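Please keep both in view while reading.

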Amino acid sequence: MSRQARGEVQRLLRQAQDLARRGGVEEALVRLAQAEVLARELDSATLRSVVAEQERLRGTLEQTREAASRAQRIERRLEDGSRELEEGRPTEALVAFNEVLELDPRNARALEGRTTAQERILASTTRAARAKSFAEGRALFEAGQYEQALGPLTDAALDEANAEARALLRRGQQIVEGLRRQRELRAEIERRMREGEQLLTAGRFPEAQVAFETVLRVDPGNARARERLGEAERRTGEALFTRWLPNQEPTLTLFEPEGAEFEGETLVLRGVTTDDRGIQKVEFRVGGQVVAELAPPPRLDTGEPQRTLPFVHPLSLEPGPNPIVVTAVDTGGLLRSQSLTITRRLRFYETKLFLPSAAAGAVGLLGLGLGAQRLRRRRAMRRRFNPYIAGAPVLDEDMFFGREKLTARMLSMLNRNSLMITGERRIGKTTFLHHLKKILAGDEAGEYRFFPVFVDLQGVPEQAFFHALMAEIVDALALSPATRETLRFTPGGAGYEARDFNHDLQRVIAELQTRTEKKAKLALLIDEVDVLNEYSETVNQRLRGVFMRSFSDSLVAVMSGVGIRRTWKSEVSPWYNFFDEIELPPFTRDEADALVREPVAGIFRWEPEAVQRILDLSRLRPYLVQKYCVHAVNRMLEHGRGTIRTEDVEAAQAVVDLEGARAAGDSRPVPAAAPGAMAD
Amino acid sequence: MRNPFVVGSWVRDADFFGRAELIREILDGERHSLWVLGARRLGKTSLLREVEHRTHRSRETPFVALYWDLQGSADARGLAETLLGSVEDSEPFRRATDVSVDHLESLPVAEMLATIVRRTVRAGWRLLLLVDEAEELLMVGRAEPNALARIRGVLTRGPDVRTVVTATRLLARIDEEAGLATSPFLQGFIPPVYLTPLSPDESRALLARGSFAAEEVQTIVERTASHPFLLQLLASRLFESRDLAATLDQLAMDEMVANFFAVDFQTLEEDERRLLTEVVREGTRTRRELAGALGQSEDSLEPSVYGLTKLGYLAKDGEGFRLGNWFFERWLRRSLSAASRAR
């Protein structure tokens with residue numbers, strides 16, 4: 001396959017060169033877009049040759065476009081100048097001819113027009129009038145009305161003695177030209193983005209790729225273009241690889257139900273579907289009717305479609321036979337179905353035989369359910385499945401439980417407020433910050449688009465504080481090379497101070513603003529801020545100073561720590577008074593209950609008393625809940641059981657106590673109920 | 001709808017409420033040196049940021065504004081650093097005056113200021129220098145009184161530069177502690193202009209953002225006495241909880257609020273603290289009763305009563321005075337009882 005791909009790359013390269021020679025540079029770039037996608041799967045030399053050709057052709061295309069645009073502009077402004085002259089507006093004419101001469105200093109028509117316009121202005125104005133024009137032009141210039149300032153400044157600049165007018169006019173022309181270029185650039189970006197979207201919709205993926213790449217060449221930080229380019233490349237790649245590796249149907253496996261008969265109104269279907277290109281949806285039909293559809297959201301980390309989708313879905317059954325069809329559809333539109341017919345038998349109490357057969361039937365049903373569970377359990381026991389996490393922050397969203405209210409509150413408040421999350425050690429502050437990062441990155445509902453950056457201050461010395469913050473920002477936000485060049489930050493740079501940080505932050509925020517149409521908000525999620533207690537007041541004050549800056553309405557911080565030292569000796573405002581505080585409490589019983597049960601649901605069973613015992617012993621601290629669960633599940637596995645019993649929890653208590661005591665540097669057992677027993 | 005209230009951060013433009021008269025005095029008044037005296041979290045930074053914002057947007061103003069946050073300066077070199085940072089931060093200022101950091105770098109702070117004024121005037125403007133956290137000058141003055149004297153010389157240069165400093169009343173100590181050989185630092189800046197709590201109508205306008213019931217609005221205005229920080233904090237928490245009684249109880253016991261009062265209380269003079277303690281112990285007191293309890297004449301007590309009323313610590317109650325707001329009263333009572341238990 002690699003040989004076929006290489007051959008295809010060479011063919012596309014040749015086609016591109018041929019097209020370019022005949023003037024079809026845009027079409028050539030489309031071929032190279034396809035070649036690039038293929039070459040990425042090959043060796044770096046092939047990819048380099050494709051990229052070099054792309055660069056060369058893009059350069060040619062840009063030059064051609066620039067020349068055409070320049071010629072058009074010169075022609076238009078020459079016409080403007082001549083018309084203005086004819087209509088008796090020499091000042092406006094002179095502005096137009098000057099503009100042409102900026103683009104083409106030897107343009108004869110413009111030189112001649114300029115002379116005529118100058119003569120007419122000098123003939124029709126006095127020195128005093130020109131002095132007045134200068135004052136007017138300067139005022140307009142200083143008020144930022146550069147275009148309006150050009151006319152009066154053009155008149156004023158005709159006075160030989162008024163060098164200041166000429167200098168101001170020159171600056172005005174440069175600014176107006178810069179603004180014009182910016183406007184054109186913005187319009188071009190919007191046009192190319194629209195075109196790219198239309199091409200994507202029309203299934204012309206390589207062409208769309210070229211459109212989005214063009215946007216990124218002039219606006220490297222454009223997140224939307226980057227995202228759409230990724231999509232276009234993926235689709236181009238799929239289309240190409242389909243030639244050698246045609247899309248395959250997804251696989252679909254149903255674990256439950258196992259029997260053909262079922263008693264009860266609601267049957268639970270349990271299974272998993274996988275596909276190498278990603279799952280688009282899973283559809284459930286009962287009796288020919290679609291009764292439900294699962295459409296998995298894209299992966300949070302890469303934005304790609306999910307390739308594996310486990311599902312547990314309840315279906316309502318009618319008495320008698322129920323034809324059920326489960327269909328998995330992949331992103332390429334291929335599908336795989338599994339059919340089964342489940343006969344719903346009436347419940348015992350619905351039949352005449354209810355009373356005599358109740359006991360026997362119950363045992364049978366239980367056995368059926370337990371059989372399936374036993375199968376899963378046996379596999380899990382072989383693998384020593386233990387999903388609980390004690391000690392490290394929880395980064396897997398599937399293992400994140402509770403805190404819904406707090407998350408909603410934070411999201412609501414972060415629009416306009418910086419926040420400090422306080423809470424005892426190991427209450428889950430770091431885990432919550434990571435969770436918040438994902439939530440903020442995906443938040444589409446508010447007026448702001450958040451760009452979250454996680455910073456861990458542990459071990460950061462005072463001298464390196466601002467440098468460490470900026471290092472994380474630069475790392476996390478993948479800034480464009482153009483922005484990177486304007487920063488004072490260098491990776492190993494010493495002597496990086498608050499002022500440098502503020503300087504750089506302004507530029508980072510400016511780039512973020514180009515990535516979204518909403519208001520950009522950089523969200524610094526700063527963990528372990530207790531470190532700041534060890535810093536001098538000056539550094540703390542300078543941190544506060546960052547949030548007093550004019551750009552600080554595009555900046556928000558969420559800090560987390562055990563607590564901020566509040567003894568304040570300085571006469572100025574306490575540094576910590578720019579944020580509101582929120583305490584991270586222990587879990588509610590329901591949250592803790594979910595954390596115990598859900599990670600092993602359907603695999604192992606918890607004795608209700610064991611769960612209650614963990615909730616009591618842990619005092620609803622998530623870290624302790626996890627720790628008890630880890631040890632209790634391990635003990636259960638050692639005993640070859642599938643049910644976690646109270647005795648497992650009691651045994652776990654001894655281990656947890658011992659670990660707590662060791663962590664506290666004390667060999668004595670620590671009473672579970674004592675506050676602070678969990679200090680790390 | 002997301003929480004529209006702002007706790008802690010400065011505000012401007014649509015988020016800024018009230019202060020119309022004070023802003024008029026800053027922009028259109030006769031004085032070229034003003035000290036805006038305000039307690040902690042009364043909105044000093046927001047006031048300066050709003051003035052800066054309005055100046056940048058105005059076509060009629062003769063001023064170009066520069067906001068200078070002194071916090072963390074510590075000494076004359078630090079002042080120069082924060083001033084450079086301010087210039088870097090303000091694109092409208094740089095554009096209007098054509099001042100760049102390169103013109104200023106490596107100059108001592110007084111010369112830096114003088115250069116800024118000179119270039120501002122040359123560009124056809126007058127400088128409106130908005131100096132925040134001016135208590136930092138106390139530290140500079142103790143260590144380098146000559147540098148402070150030179151800075152004062154530029155700040156009070158007359159019509160070319162209008163200087164507005166904001167600080168708590170701690171700044172009043174500067175002339176005692178810095179001991180300038182030339183004119184006292186605060187000459188021209190005093191009498192201070194007080195930054196008061198908002199008016200009830202301004203508070204209601206702010207609270208309208210939360211769509212609260214009329215009775216809730218009334219309770220919030222009463223309990224906070226329109227103190228902007230307490231108003232925003234209570235409104236923000238109520239917006240999330242929608243339970244006013246519980247929110248009031250929580251806030252009254254909140255550690256952050258307690259710390260705010262404790263820090264704020266320390267900015268007052270000893271006599272003022274005694275006066276407030278007397279009121280919280282005995283309830284509403286007349287001038288005469290207060291003078292008797294503190295062993296002073298009513299006349300000598302008047303400046304303290306006036307200042308504390310302006311800053312929102314005291315409120316008129318018939319002929320007498322009571323504590324300004326419910327939260328402060330609860331905190332002071334608790335602190336006094338804790339202190340007496342400790343004794």
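## Confidence of the model

Chain A averages a pLDDT of 84, and 90% of the residues score at least 70, where pLDDT is the predictor's confidence in each residue, from 0 to 100. This is a predicted model, in which local features need pLDDT of at least 70 and side-chain atom pairs count only at pLDDT 80 or more, while totals for chains, interfaces and linings use all residues. Residues are numbered from 1 along each chain as its sequence is written, and chains are lettered from A and ligands numbered from 1 in the order in which they are written.

Among the elements of chain A, the lowest mean pLDDT, 61, belongs to helix 11 (residues 354–382) of chain A, and the highest, 95, to strand 11 (residues 519–527) of chain A. Over residues 666–680 of chain A the pLDDT is below 50, and this stretch has 28 contacts in the model beyond near neighbours in sequence; two residues are in contact if their C-beta atoms, placed from the backbone, lie within 7 Å.

## The two chains in outline

Chain A has 21 helices and 15 strands, while the secondary structure of chain B comes to 18 helices and seven strands. Helices (H or I, at least four residues) and strands (E, at least two) are DSSP runs, numbered from the N terminus.

Of the 680 residues of chain A, 35% count as buried, and of the 343 residues of chain B, 47% do. A residue is buried if 20 or more other C-beta atoms lie within 10 Å of its own, exposed if 12 or fewer, and partly exposed in between, with C-beta atoms placed from the backbone. Among contacts between residues at least 6 apart in sequence, those that join residues at least 24 apart make up 66% in chain A and 71% in chain B.

## Where the chains touch

The contact between the chains takes 34 residues from chain A and 36 residues from chain B. On the side of chain A that touches chain B, helix 12 (404–413), helix 16 (498–514), helix 17 (537–546) and strand 13 (579–583) of chain A each supply at least two residues, and helix 17 of chain A gives the most, with five residues.

The residues of this side of chain A divide into nine nonpolar, 14 polar and 11 charged. In this grouping Ala, Val, Leu, Ile, Met, Phe, Trp, Tyr, Cys and Pro count as nonpolar, Asp, Glu, Lys and Arg as charged, and the others, Gly among them, as polar.

## A mixed sheet in chain A

Five strands of chain A form an open sheet in the order 2-8-7-4-5, with mixed pairing; two strands pair if DSSP finds at least two bridges between them. The edge strands are strand 2 (261–263) and strand 5 (289–294) of chain A, each of which pairs on one side only. Strand 2 of chain A pairs with strand 8 (residues 335–345) of chain A in the parallel sense over three bridges, and Phe262(A) stands opposite Arg344(A) in strand 8 of chain A.

## A parallel sheet in chain B

Chain B also holds an open sheet of five strands, in the order 2-3-4-1-5, and here the pairing is parallel. Strand 2 (63–69) and strand 5 (193–194) of chain B stand at the edges with a single partner strand each, so one side of each is left without a neighbour in the sheet. Strand 2 of chain B runs parallel to strand 3 of chain B and is joined to that strand by seven bridges, and the bridge partner of Ala65(B) in strand 3 of chain B is Leu128(B).

The buried residues of helix 8 (residues 145–155) of chain B are Leu148(B), Arg150(B), Ile151(B), Arg152(B), Val154(B) and Leu155(B). These residues pack against several elements of chain B, including strand 1 (33–37), helix 6 (109–122) and helix 7 (136–143).

Arg169(B) lies in the loop between strand 4 and helix 9 of chain B, and Arg169(B) counts as buried because 20 C-beta neighbours lie inside 10 Å. Leaving aside its neighbours within four places in sequence, Arg169(B) is in contact with Leu37(B), Thr267(B) and Leu268(B). The C-alpha atoms of Arg169(B) and Leu37(B) are separated by 6.3 Å, although the two residues are 132 residues apart along the chain.
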